[in-house]
Amino acid sequence: MNIGTKRIDGFVLALLAAACLAALVPWLGAVEGPLHPRLLNRAGVWLIYFAQGLLLSLAEFRHAGSAWRVHVLIQGLTFLGFPLLGIALLTLTRPWTGLDLGVGLLFLCALPSTVTSSVALTALARGHTSLAVVNAALSSMLGVVITPLWLTLALPVAARSAPLGPVFVDLALIMVLPLALGQLLRPWLGFWATQRRRAFGTLDRAIVVLLVFTALADSFHKRVWFEQGPRATLVAAFASIACLGLALWAALKLSSLMRLTNTDRSAVVFCSATKSLVTGVPLAQLLFGNDGHVGVVLLPILVYHPLQLVVCSGLARKWGAAEG
């Protein structure tokens, strides 16, 4: 992915347009609406993970396999440090905004790293890109299991949308199966898919925009947003800024304590501080999509996504210039 300003602005503008359209014509994307979002969304998620399976090269794991300390640090920050922060935010914000936004903050913190942005940012900083590729892919695969586990363990019973067993069956059918099928077909279609990586990236983002539209439209249709008020948006914004600041500080501090090279430091920072909107929206649809509150749950990651790109691309350019 190109981290150029135009690329970022185009995707963010598409997300904003989807939010505006959802507010104007909520009936169009509602569960009972003409788009049949449950079927459409499941097909879209299937396509995203099938494409990831085609594009994922397991050969990269061998190239960076010896850097086990860095792998442990990145995945530890992503799936232990960040979720513990999310539990704290859930506890602190619940008296102010209710349960839904707190669930969204925990969901944000429990998500895996970005699949492509963390690699592109590491490359922009002249960092260890193979290390970033391995950890982005590993984080994405682990997130299918660990993110729902954190939500089940940390949330009060009232906030759990479904028992964990059926959720994992659904995740296996919609995410793991197409990912595995893409890997199986990679010997025949891998080169063709790699040559069209940019087109697949555009398809991923188009599907995410569709998922955001249907999630927000259903929330507007069921008048969930009228229960929240502008306070929820302000809390999500301040919490996202705090999360990103703490994540960057922790990654830099631990990298310094471990005496990592600048190239490894870049991979640690950008793989552990970024959170995947492409993974987050489909997961939210599967975990929370039946009660109309998924739009509020998604609010923190929708705020965090453009924030992380702006801040991290600035850091990457600064570090890349210093290395050059």
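Biologist: On what basis are residues numbered and values computed here?
Modeller: Residues are numbered from 1 along each chain as its sequence is written, and side-chain values use heavy atoms, with hydrogens and water left out. As the model is predicted, local features need pLDDT of at least 70 and side-chain atom pairs count only at pLDDT 80 or more, whereas totals for chains, interfaces and linings use all residues.

Biologist: How are α12 and α13 oriented to each other?
Modeller: Helix α12 spans residues 230-257 and helix α13 residues 262-273; helices are DSSP runs (H or I, at least four residues) numbered from the N terminus. Their axes, lines fitted to C-alpha atoms over the stretch in contact, lie 9 Å apart at an angle of about 150 degrees, on a scale from 0 to 180 degrees between N-to-C directions. Angles under 35 degrees count as roughly parallel, over 145 as roughly antiparallel, 65 to 115 as roughly perpendicular and the rest as oblique. The two helices are therefore roughly antiparallel.

Biologist: Which residues of α13 make the contact with α12?
Modeller: Contact means heavy atoms within 4.5 Å. From α12, the contact is made by L244, A247, L248, A251, L252 and S255. Their partners in α13 are R265, V268, V269, S272 and A273.

Biologist: Is α10 parallel or oblique to α15?
Modeller: Helix α10 (residues 197-221) and helix α15 (residues 294-323) pack with axes 8 Å apart, at an angle of about 130 degrees. That angle makes α10 oblique to α15.

Biologist: Which residues of α15 does α10 meet?
Modeller: On the α10 side stand V212, A215, L216 and S219. In α15 they meet V294, G295, V296, L298 and L302.

Biologist: Is V45 buried or exposed, and what is its relative accessible area?
Modeller: V45 lies in helix α3, residues 37-55. Setting aside residues up to four places away in sequence, V45 touches I174, M175, I207, L211 and P282. Buried means under 20% relative accessible area, exposed over 50% and partly exposed in between, with a 1.4 Å probe and protein chains only. V45 is therefore buried, with a relative accessible area of 3%.

Biologist: What separates the C-alpha atoms of V45 and P178?
Modeller: V45 and P178 are 133 residues apart along the chain. Their C-alpha atoms are separated by 9.2 Å.

Biologist: Which residues does H305 touch?
Modeller: H305 is found in helix α15 and counts as buried at 6% relative accessibility. Not counting residues up to four places away in sequence, H305 touches F11, L15 and L277.
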